[in-house]
Amino acid sequence: MKSNHLQYLLIPVAIFLAYVATAQTASPSDTPSGSVIRGRILDTSEAPVAGAAVILFDRDSVYLDAVASGADGRFEIRSAVRPCRLQIQHLAYELYCIESDLSDLGDIRLTEANTAVDAVVVKGERPVVQVEQGRLSYDLGRLTEGQAVNNAYEALTRLPGVAEQEGALTLAGASSVTVILNGRPSTMTAEQLATLLRSTPVDRVEKAEVMFSAPPQYHVRGAAINVVLRRSHETAFSGEVHANYSNRWYDTYDAGGNFVLTSPKWSADVTYSAARSKELSSFDLRSLHTFEEQQYDIRQDEWMTSEGWSHQLRAAVEYAPKQRGRVSAAYTASFSPNTDGQSHSTGSYVESLSKKLSDRTLHNLALRYTSAFGLDLGLDYTHYDNPEQLRLENSYADGSATAFDVGSGQRIDRLNVTADERHTFDSGWELTAGGAFAFARSHDWQHYTVLEGSPATSDTDARLDEYTGNLYAGFGRQFGKVGLTVSLAGEYYRLGDYENWSLYPQASLNWMPSERHIVQLNFSSDKEYPAYWEMQGAVSYIDGYSEIHGTSGLRPSRSYEAQAVYIYRQKYIFVLFWNERPDYFVQAAWQSSDRLALIYQSLNWNFNRQWGANAVIPFRIGKWLDSRLTLTGMRMRQKCDPFHDMSFDRSKWVGIGRLVNTFHLSRKPALDLEVNGFFQSGAIQGTFDIEPLGSADAAVKWTFDQGRATLSVRCNDLFDSGMPSTKVRYRGQWLDMGAQRYMRTATVHFSYRFGGYKAKKHKEVDTSRFGH
């Protein structure tokens, strides 16, 4: 008889696996045959069994290793011992034992346990994180259980140490973090990939892997988050539809759905969402601008709105016959037609009115082939087009006026080809090698039509071709409780007349002295390239006082990072970190010395250095509160000798705290309250001082209809205090920039999951005695 308390009994199984497993399940396609034992665990109805403990012994019953079966029921254990014995344990099924000298055990079917356990309830606490071959692996569904998280992107912000700042994800202890999908990079930008994840339901994500030093086969360097989408190997159909209403001064509506069809060999999914939005942002500016030995007190108040439709589409198909590799294709599209933007600036110096009409489209095609013997081939192509029409009218306090039209745009085509090979030797050593080639063609243009006055404008029409070639080799091995991976990548880069050869070393050491203690040491190096428009010499205008300048000859920035990570009981995480970024670049404002203009421009600094510590401390109180406290303390130092007509060398201590709380108000009905807080002490960015800031969020989530439907209400930045105020008091530069107002956002989200259809297995007609 199946117990009604089975869902509670599965909890200690997860704990047991976390404590005894020193190696975790890898994707079958990622590990070659030879010294690997693999198989798939099913129940009597052919459904995969997830979370089963697979324990490996030699013929003398000496324990060797253990893993847990994945969501698709598959498992892999690296061992050259033959023959071997396996025990497969799961509280819902009978114990299964097998002895074999084969590497591929095929399908293993478990029989449901007949033990009545209605009177037994075992309580336990699931670990927050598991270590899988040096990667910190999180089950996003479990991590965000009860929280008002509406999509995969929001779920990533709940990973320990991960936060969203100024529209980008950050990882405490890393200078930057790259998000990749299913173990492969994309030619989509970080913003475009974030848009895709915002339209992806959390249930579509199997796990998220956090790496402080990504192995070279991921084709990203430094810290990375790998989002692994769920893949079922049974015949089934499921889906989810959702609708959102948000208000941040103006109303925004969006709706969409995700539909998945799977079979033992094929899978296909489609995700679509559409939104009608209107956004408002504003800020105050005060500039005491010294020009020709006279100081001008310039005060401006700017309001900006943007309104339009946006559409997101992703369609993917995969063919994966058993033990014969995998072929997949995914198409992603984004459309934002006829977006209407307007900016109105008033003040003591100039009154400006700007109207912009833009049309943005993106098409991305990703193809991937993974063989059964470890070869992985990938191709990714993106086409991006963003034409714009702008009219700017300026009326100055001295009675003069200027007006002009600007036709501008950007068109980018990017192609990326990758090839990777992994081989495991009988001695336990693993060798990885591969390469990538990327080509990008960017076309940026601005054409001015002067309507009034004589503004300092000039047409630009720039085309850039970018070539990147990369080859790498690496090795690794597990020495009992210690695992080591080392790699070296060589890269050739060319952009116009600029050429560069670079070497990128990477190393990771993992030590697990016991099931409660995990130590990880990481070192990585990387290079960050400016956006294409930043490398052009074009000038664009915010209003009659503020301008944005491109920088011809802007160089890429190098980075060197190291982390020491300690994980206690698979949930308490402590990190010591250091990163150095020579030639660091970021857009910063500067009061021009030759005219009354505030210029925003990206320049290369000498370096940007950060070092410090980070701690993630989860805790719970009874059954009604789950909390996680994240604390970061670091020392910042930034230096730039050629900063316009001055230089700076500044440093500061910075502290950051984040507390996430989930109150379980009721189990029946399932009602949860989420209250979160954030605080950051004062910081610096170049000549700017960033004032301390803090914010608070709150949300309520109701889950009903047997878990198929959810309704949540969220308010972000309750006190409208989450955007920083900044100021400059440095060598004659005097600026005050007020925080953006009206950032408080209220959202109502509804989603409904449907389907769950599974093809039934029918009894076959006995034909064993038919035929010749």
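View 1. Residues are numbered from 1 along each chain as its sequence is written, and side-chain values use heavy atoms, with hydrogens and water left out. Because the model is predicted, local features need pLDDT of at least 70 and side-chain atom pairs count only at pLDDT 80 or more, whereas totals for chains, interfaces and linings use all residues.

A search of the whole structure gives 23 aromatic pairs, where rings of Phe, Tyr and Trp (its six-membered ring) pair if their centres lie within 6.5 Å, and planes under 30 degrees apart count as stacked, over 60 as edge-to-face and the rest as tilted. The ring centres of Phe 439 and Tyr 467 are 5.0 Å apart with planes at 50°, so this pair is tilted. Phe 439 belongs to strand E23 (residues 430–452) and Tyr 467 to strand E24 (residues 460–479), and the pair links parts of the chain 28 residues apart (strands, E, are DSSP runs of at least two residues, and helices, H or I, of at least four, numbered from the N terminus).

**View 2. The stacked rings of Trp 624 and Phe 663.** Their centres lie 6.1 Å apart and their planes meet at 20°, so the pair is stacked. Trp 624 is in the loop between strand E34 (607–621) and strand E35 (625–643), while Phe 663 is in strand E36 (residues 646–666), so the pair ties together parts 39 residues apart in sequence. Trp 624 is partly exposed at 43% relative accessible area, and Phe 663 is partly exposed at 23%.

**View 3. Charges over aromatic rings.** Arg 198 lies over the face of Tyr 153, 4.0 Å from the ring centre, and the charged end of Arg 729 sits over the ring of Trp 734, 3.7 Å from its centre. A charge sits over a ring if NZ of Lys or CZ of Arg is within 6 Å of the ring centre and within 35 degrees of the ring normal.

**View 4. An aromatic cluster.** Tyr 584, Trp 605, Phe 643 and Phe 648 together form one aromatic cluster.

Conventions
Buried < 20%, exposed > 50% of the residue type's maximum accessible area, 1.4 Å probe, protein only.
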